Amino acid sequence: MEAISSFRNRYGAILTTYVFVGCATWLIGMIVAPQLLMVQKSLMYSDPAAAAAVSQTKASTDRLFVEKGRAEREVRKVEADIQAGGAAEADQSGGGVFNPFGSSGNQNAGASVEELEARRDELIARLGQIDDEIAANDSALVDAEKAAQPRLGLQNYFELFSNDANRPIFFKTIWSSILVTLIALIVCYPVAFYLAVSASKETTALLMLGLIVPYWVNEILRTFSWLMLLSSNGLINQALIGIGLADTPIDWRSGNSAVLIGMVYAYILFMVFPIYNTVETLDKNQIEAARDLGAPRWMIHWTVVIPHAKPGIAVGCIMTFMLAAGSYAVPVMLGSTTSKWFTEIIYDQFYEGGNWGLGSAYAFVLLITCILFIMMMMRLFRVNLQDIAK
Amino acid sequence: MTDTTLTHRTGSIPAIGDWFMERLPGIYMVLFFLYMFLPLVFMMIAAFNTTAVPPTALPFEGFTLKWFGALFANAPLLAAIGNSLVIGLGVIVLSLTLGLSGALLITRLHARSKSALYAILVSPLLTPGIILGISTLVFWNSAGIPGGLFVATLAQSTFIASYCMLMFIARLQRFDSGLEEAALDLGASHQQVFWHVTVPFLKPTIITAGLIAFLQSFENFNTTVFAIGTETTLTIKLAALARKTPTPEVNALAVIFIALTVVMAILYEVKRRSDAAREKVMAERAKQAEKEMVSLDIDKVAATTAA
Amino acid sequence: MKNIELDNVTLRFGDFTAVRNANLEIKAGEFFSFLGPSGCGKTTILRMISGFNEPSEGAIRIGGQDMAGIGPNDRPTALIFQNLALFPLMTVWENIAYGLRVRGLSKTDQRRRADELLDMIALPGQGDKMVSELSGGQRQRVAIARALAVEPAVLLLDEPLSALDLKLRQHMRAELRAIQQRTGVTFIYITHDQGEALTMSDRVAVMSQGELEQVATPSEIYSNPKTAFVATFVGENNPVSGHIIDVKNGHAVMDTAMGHLRARNDRNLSVGDKAMLFIRPERCQVANGEGGKENVVSTKVERLDLEGSYINLFARGADGGRFVVHMTNNQDIAHLQHNADVQIGFSADEAVALPATQMA
C-alpha cells in the first residue's frame, strides 16, 4: 500500500490509475482468470453412459408423443364415424363410385357401429398407456439428467491415461519435441558461436539480418515450403529418384519424419538468437587465453564457452521445446491421420468432439508438461526467470 | 600464433586436413544459410511457374504472373486479410497499453512483490500458444461470448503484451528518471511530464513494439486457431488452403510476404546505421565546442536576469 | 524575498534515518552550501526542499509558507541536477524554455526569453543545436539558464560541477558565484568539495550522518570548528586526544600523551571530560627551545615534503601520533634530518579543545 501511495506521489493519480488498472486487467482478466477457468472446466466431468441414457430417454419420449398424436387423431375420426353411423355406409356406396381414392386407409369403412365403438375403447386404453409411459420417461429423464450433470472430478485426467489412442500420442509428442530441441541445439550452437566470435562485426550484422528475414516469415509459409519439398512429387523425392536412392517416391508425411523436419526448420531460429546473445557477451580474451594454454578446441567449448552460454542454451531449449510441443501449425500441415500430434487431439476435442472438459484437461496436461520442462532446464542450467526474459 | 601451437602438437596432420579444418566453420555457415533460404527460394520460384497443382519450382515450365492476379481475385482470402488487419490493430492498441503499464509498474514500483508480478506477466511467453487460445476461449465462452475476432484479439494480446513489456522495460532501464524530476521541478504537471518527457523517450520503442505486435498478430496461427471460432484470418485461411488444395496463389502470397520482410529488414538496417552516424557527428561537435569555450560576460548576466 | 526554514526536519527510509532534526534558516539572496561526505544526507535535504521527498517529521517553509503537500511542480524552487538532466530529445532553446512552455507561454515568447538567456550564458545563436552537440561546460550553462528561466526564488544545485574537469570546474565556480551575486536568487549548493563550499558560499552547513554539525560562514567554519568532525573534514588539522584537567578564562588545559596543552574552550568543556585538541598545520611553528609559545610538544622528524611555497614537516609525537607542520619556504631546514628531535610550538588561542566525538 505504501509502495502504491509513493508511486502516486511520484507519477500522479491519472498515470497511477492507468498503470494499476492496466496491469490488473492483464494479469487477472487475461492471464490468471482464463487459466483458472480452463482448469475448472477440465475438472468438470460428465459420464458418457449417463449422457447416452439421457438422449435415449428423450428420443423415446419423442416417439411416444408422435404415437399419441396419431392415436388421438384416429380416435377423433372413429368418433365422427360413430356419429354418422348410417351415413358412413351410404357414403361408402356413393363415395366408392365417385371417389375411388377417397377415405383411403379408413379401416373402419363398412364397419358396424359396435365394431367402431370397440376400436375407440381400444385406442383410448392405449392413450392412457402412452401417458403413463411418458410420465415414467419424464421421471427417468430427471434422474438420468442428474446422473449426466457435469461433476467435479479428475476423470478427464484419468481418461487421457486410459485412452489407448491418445496416450501414446501424448508421449510421442513429448519425446519428439525433445528430439527437435536436441537437433536444433546441435545445429545452432556452431552457428551462434561463429556469429558471436569468429565473424567480423560487419559480417555478423549482415548474417544476423539474413537470419531475421526467415525468422519473420510466417510460420505457415515456412512450413508450406517444406510441404512442397516433401510432397510425393516434390524436389526431395525427385532428387532421390534422380540419383537412384529411391525407386518410388517416399511418403514422408505418413510417418513423423515430415513433422520433425518441419519443426526443426520452423523453430531453429529461436535457438540461434538466445545462444548468440550470451556467447556474444563472452570476453574473447578468455578463448585466446585457453588456446594459449594449449586447450584443444572441444575443451575450450566445454570449459569456457558453454558454461558462459548456459542461460542462452537454457532459453533456446525452453523456447524450442515449448513451441514444438505446443505447435498446431506444423503437424496439421505436414502430418497425416497416421501421425497425429497431441495438439491436434486437443483441437478435435474442442471443434469436433465438442467435449470441452476433456479438451481443457488435455490442454492443462500440456501446460504442466511445459512448466515441468522449464523448471527442469532452470534447475539444470541454474538460471532464473530474469535471465530467460532477456 | 595459437594455430601454430596446435600444429606443433599435432604436427603430422596433412596439409589438406589443415585446409579443411580452417574452412570448416565457413562451409558450415554456408550450408546452414542454404538450409535456411533454399526452401523459401523454391517456394518463391513456384509462384512464377506455369505449373498449377501442386505448385512446384522444378520443372520450371514457363514464367507467369497469373498467380498474383488469381490471388487478388480470391475474395475469401481478401476478406480474411480484412479480419487479420482488424485483429492486428486491436492487438497493437491493447498490447502497447498493457505492455507499457506492466513495464512502468515493474521498473518503478518499489515493492517486494515485484518479482512475482514479473514472473506472471512474462509467463504467457513461456506458455504454448494453443493454451492461451483455449483458456481465453473458455473464459469468454462462459460469459456468453463465442470465439471470434474479439476473443482472438484478447488471446493474442495476452502474450504479445509480454513482448511489448519486455521491450519497454529494456528501454526504461536506460531512462534517466532525473529527466522526469527535472520537468516536474520546472513546473510541469504529471501528465505533461509523461507526454513531454517519457513518451518521446519511448517513441522508438513504441514504434518497433507496435510493428512487432502487428507482425506477431498477423502471423499467429496456434493461438488464433482456437480463439477464432467460426471466423477466419489470413494465416488460418492460408493454412487451410496450403494443406488441402495448394495452388501457386499461396506461393504468390509468400513472395509478397517475403519481399515485405526483406524490405523492412533493409530499412531497419539503414535506419540503424544513419542513427549511429548521426550520434557520431554530434559527439564530434561537442568535442569541438569544448575547445571553443567562451567566458561568460557577467555584466550581461546581470542585465538579462534583472530584466 | 523568501527565506527558507527547516524546522526540526527528519526523514527516515524504513529503519534508516537519512536526515535527523535539521534546524536551519537560509536567508533570501544567500549563497548557502551543504558540505559533507557522500551519504551524509545533503542531497536528501535538497530533495526535501524541492519537494521530491516529504519530511517524516518537521516542516519546511519557504517565505513563511509550509510546503507540506506541495509538489515539486508547485514550489518556487528550481533544481540543477548532478547530471544536469537536460532533455536529450529537445533542442537547446526548447530545454531552456521548457518551464515557460508548461506555464502556457506562447511559442514566440518562449523563444524570445530563451534567446535572452542564451545571450546571458554566452551561447548566442546556439538555440537550435541539440544538447548532445554541446560541451560539458556549455551544458552546465544551459542547465542554469533552464532553471533561471522560471524565475525561481531558490536555485538548488546538486553537485553540478562534479562531472567537469578541474580547470573548467574552477572557472565555473567563479561564473556561478557571479551569476548568484548579480541575480540575487538564493542559491543552495550541495557539494562534497570543501574548496567549492568555502570559496563560493556566504554560509556553509557541514553535515555528517544525517545531522548538521555546524552552520556558519566559511571563515568561521575554518577557524572555529564546533565539532571534531568539522575540524577534520574541513581543511587539515592535527588532533591530540586527552582529557580536561583545568578550565579558566575561556581556555582549557588538557592532559595528553604529549604533556599538558592549552587551548580555547569554545564548547565549555568541564574538568574530567574526554576531549580532542586540534591545531592547524599552518599555525604551528618549529620552536627549538626559543620559547614564547604556550604549547610546545617534542617530536621526531619523520620526513619533509617540499610543496613549493611551503614545506610540509611530518613529525611523530611521543604517543606515536602524527603531527604535520606547514612551514613557509624561507626557513633553515638543515637541522630537520630524519629522526632529529624537533620542538613544535603553537599558541593556545590558535588551538581548540572539542568534545571527543567522531572525526572525518
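What distance separates the centres of domain 1 of chain B and domain 2 of chain B, taken over C-alpha atoms? The separation is 34 Å. The views below come from a predicted model.

**View 1. The two domains of chain B.** The domain assignment of chain B gives domain 1 as residues 2–66 and domain 2 as residues 68–274. Where they touch, domain 1 of chain B contributes 13 residues and domain 2 of chain B contributes eleven residues. About 950 Å² is buried between the two domains of chain B, and carbon and sulfur atoms account for 74% of this area. On the domain 1 side, B:Met44, B:Ala47 and B:Pro55 lose the most area to domain 2 of chain B, and together they make up 42% of what that side buries.

View 2. Helix H2 (residues 15–46) of chain B supplies the largest share of the domain 1 side, with four residues. Sorted by class, the domain 1 side holds eleven nonpolar residues, one polar residue and one charged residue.

**View 3. The interface of chain A with chain B.** The size of an interface is often given as the accessible area lost when the parts come together. For chain A and chain B, the buried area is about 8600 Å², with 76% of it from carbon and sulfur atoms. The contact involves 91 residues of chain A and 101 residues of chain B. A:Trp26, A:Met30 and A:Trp216 supply 9% of the area that chain A buries against chain B, more than any other three residues.

View 4. Two salt bridges are counted between chain A and chain B. One of them joins the side chains of A:Arg10 and B:Glu181, at 3.6 Å from N to O. Helix H1 (residues 2–42) of chain A gives the most to the chain A side, namely 25 residues. By class, the chain A side comprises 67 nonpolar, 16 polar and eight charged residues.

**View 5. The open sheet of chain C.** Five strands of chain C lie in the order S15-S19-S16-S17-S18, with antiparallel pairing. The edge strands are S15 and S18 (322–328) of chain C, each of which pairs on one side only. Strands of a sheet pair through backbone hydrogen bonds, either parallel or antiparallel.

**View 6. Strand pairings within the chain C sheet.** Strand S15 (residues 285–286) of chain C is joined to strand S19 (residues 341–346) of chain C by two bridges. Here C:Val286 has C:Ile344 of S19 as its bridge partner. Strand S16 (residues 295–306) of chain C also runs antiparallel to S19 of chain C, with six bridges between them. Among the pairs in this stretch, C:Ser298 is partnered with C:Gln343. Seven bridges link S16 of chain C to strand S17 (residues 310–317) of chain C, again antiparallel. In that pairing, the bridge partner of C:Arg303 is C:Phe314 in S17.

Methods: Residues numbered from 1 in each chain as written. Chains lettered and ligands numbered in written order. Predicted model: local features only at pLDDT ≥ 70, side-chain atom pairs only at ≥ 80, totals over all residues. Heavy atoms only, no water. Domains from an automatic or database assignment. Contact = heavy atoms within 4.5 Å. Buried area = accessible area lost by both parts, 1.4 Å probe. Nonpolar A, V, L, I, M, F, W, Y, C, P; charged D, E, K, R; others polar. Pairing = 2+ DSSP bridges. Salt bridge = Lys/Arg side-chain N within 4 Å of Asp/Glu carboxyl O.
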